[in-house]
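Dear colleague,

Here is the structure I promised to pass on to you. Please have a look at it before you read my notes below.

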Amino acid sequence: MTSPRPQSLGHGPATGGEDRTERLWDTATGRSRRSLTGHTALTGALAFSPDGRTLASGSDDNTVRLWDTATGVTRVTLAGHTGAVLSVAFSPDGRTLVTGSTDQTVRRWNVDSSTPTTATSKICRAIGRNFTAQERSVYMPDQTPHATCPD
């Protein structure tokens with residue numbers, strides 16, 4: 001049974017629950033317009049970015065996912081908490097996400113809303129090398145293993 005926790009900031013409501021699925025709803029029809037799947041446990045902490053292009057979802061699987069609301073694709077999975085993520089909130093400019101967890105930590109994430117390709121390119125320039133296999137598994141678990149940075 002799903003325990004929806006609605007969130008709406010003018011971008012259409014979103015819900016998450018025990019079925020590990022976030023849903024974006026059409027308020028005119030009352031129907032789900034998109035289902036977002038990927039978490040492996042209950043999801044309940046939800047927040048839209050100020051521009052509405054991104055939905056952050058916190059889960060009992062200890063991760064936060066940033067979803068593209070237009071396509072339903074996971075932009076990035078943020079790992080680092082060791083307990084369920086109970087709260088997520090964007091800064092007014094949308095560049096920072098704050099998350100709270102049962103691990104008794106609050107984390108601040110730089111979540112520039114650029115495309116994954118642009119973000120990866122920025123990281124490659126900053127670190128001056130390719131990602132290690134461990135870095136790819138932690139920071140880009142949804143991506144296939146490959147050389148991330150161009151030569």
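Predicted model: local features only at pLDDT ≥ 70, side-chain atom pairs only at ≥ 80, totals over all residues.

Residues are numbered from 1 along each chain as its sequence is written, and side-chain values use heavy atoms, with hydrogens and water left out.

The protein has 2 helices and 10 strands, where helices (H or I, at least four residues) and strands (E, at least two) are DSSP runs numbered from the N terminus. Along the sequence, these elements follow the pattern β-β-β-β-β-β-β-β-β-β-α-α. Of the 151 residues, 41% count as buried; here buried means under 20% relative accessible area, exposed means over 50%, and partly exposed lies in between, with a 1.4 Å probe and protein chains only. The accessible surface comes to about 8400 Å², and 51% of it belongs to carbon and sulfur atoms; these areas come from the Shrake-Rupley method with a 1.4 Å probe, and for residues only the protein chains shown count as cover. Among the contacts with a separation of 6 or more, 33% are between residues 24 or more positions apart, a contact being heavy atoms within 4.5 Å.

Turning to the sheet, 3 strands form an open, antiparallel arrangement in the order β8-β9-β10, and two strands are said to pair if DSSP finds at least two bridges between them. Its edge strands are β8 (85–90) and β10 (106–110), each of which pairs on one side only. Neighbouring strands of this sheet are turned by 20° against each other on average, direction ignored; the axes behind this angle are lines fitted to C-alpha atoms, for helices over the stretch in contact, and angles run from 0 to 180 degrees between N-to-C directions.

β8 and β9 pair in the antiparallel sense over 5 bridges, with V88 standing opposite T99 in β9. The hairpin of these two strands has 5 residues between them, and G94 takes a positive phi near 75° there. The hairpin of β9 and β10 has 4 residues between the strands, and Q104 in its turn has a positive phi of about 65°.

The largest nonpolar core has 12 residues, including A47, L66, F90 and W109; such a core is a set of buried Ala, Val, Leu, Ile, Met, Phe, Trp, Tyr and Cys residues joined through side-chain atoms within 4.5 Å. The elements that give two or more residues to this core are β4 (43–48), β6 (63–68) and β8, and the largest share, 3 residues, comes from β8. Apart from this core lies another one of 7 residues, among them L24, L46, F48 and L55.

As for charged pairs, the count comes to 3 salt bridges, defined as a side-chain nitrogen of Lys or Arg within 4 Å of a carboxyl oxygen of Asp or Glu. Side chains of opposite charge can pair when their charged atoms come close. R23 forms a salt bridge with D19, the closest N and O atoms being 2.9 Å apart; R23 is partly exposed at a relative accessible area of 23%, and D19 is partly exposed at 26%. R53 is joined to D51 by a salt bridge with closest N and O atoms 3.1 Å apart, and here R53 is partly exposed at 41% and D51 partly exposed at 42%. The salt bridge of D68 with R75 has its closest N and O atoms 3.1 Å apart, and D68 is buried, with a relative accessible area of 17%.

Finally, a word on T54, which lies in strand β5 (residues 54–59) and is buried, with a relative accessible area of 4%. Leaving aside neighbours within four places in sequence, T54 is in contact with A47, F48, S49, L66, W67, T69, R75 and F90.

With best wishes
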